[in-house]
Amino acid sequence: MKKQLFLCLIAVVAMVSCTRPVNNYYNTYEVVGGGVKKKTVDLTVNTNQWDFDKGTNQYFCYFNVPELTDSVYNYGEVSVNREYNSGTKNAYQVALPETSYKVEYEVDENDSVINTFYYAQHVDYVYGIGFVEVFYTISDYFYPDGFAPEGMLFRLQMTY
């Protein structure tokens, strides 16, 4: 019994410990072993890369992802996280969809608050064979002139 448990532990360690970077136009990482693969693809959008859809009144960004094959789509597991503080020791991820509750203050020339606005920021995604599309929406659909969402880093994770 101990021998079987030991062999199972060795197999699990072997599956998890085989990580290698894959060169591409964005960062990808692939875990191999035990017949299961896990690949992470970093999807970066800068503030000037968001597009606006007047029909749905929301911002979006479309990513071509050739690693998201029909096999991954049909038989794998796909998720997208948003990463904050990327590249620092304070980095963390939030699974999409993400809704954040925000507050903005309108101030007068003396920096006194004259109006307070509460709203929700919603980030979500859809995916299909070869692509991921991320959506950004503000709850009241009010976007000031010149507004664009901030730059964001998304981590697409595929297990297949």
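1. E8 and E9 form a hairpin with 5 residues between them. In the turn, Asp111 has a positive phi of about 60 degrees. The two strands run antiparallel and are joined by 10 bridges (strands are DSSP runs of E, at least two residues, numbered from the N terminus; two strands pair if DSSP finds at least two bridges between them). Thr99 stands opposite His122 in E9.

2. A note on the source. This is a predicted model, where local features need pLDDT of at least 70, side-chain atom pairs count only at pLDDT 80 or more, and totals for chains, interfaces and linings use all residues. Residues are numbered from 1 along each chain as its sequence is written, and side-chain values use heavy atoms, with hydrogens and water left out.

3. E9 and E10 form a hairpin too, with 2 residues between them. Gly130 in this turn has a positive phi of about 85 degrees. Pairing is antiparallel over 8 bridges. His122 has Thr137 as its bridge partner in E10.

4. The open sheet has 5 strands in the order E4-E5-E10-E9-E8, with antiparallel pairing. E4 (51–53) and E8 stand at the edges with a single partner strand each, so one side of each is left without a neighbour in the sheet.

5. Phe52 stands opposite Tyr59 in E5.

6. The lining of the largest pocket has 15 residues (a pocket is an open set of points on a 1 Å grid over the protein atoms alone, where a 1.4 Å probe fits, with protein on both sides within 12 Å along at least five of seven lines; lining residues have an atom within 4 Å of a point). Glu104, Phe117, Tyr119, Phe142 and Pro144 lie nearest its centre. Strands E8 (98–107), E9 (113–128) and E10 (131–138) each give two or more residues to this lining.

Methods:
Helix = DSSP H or I, 4+ residues; strand = E, 2+ residues; numbered from the N terminus.
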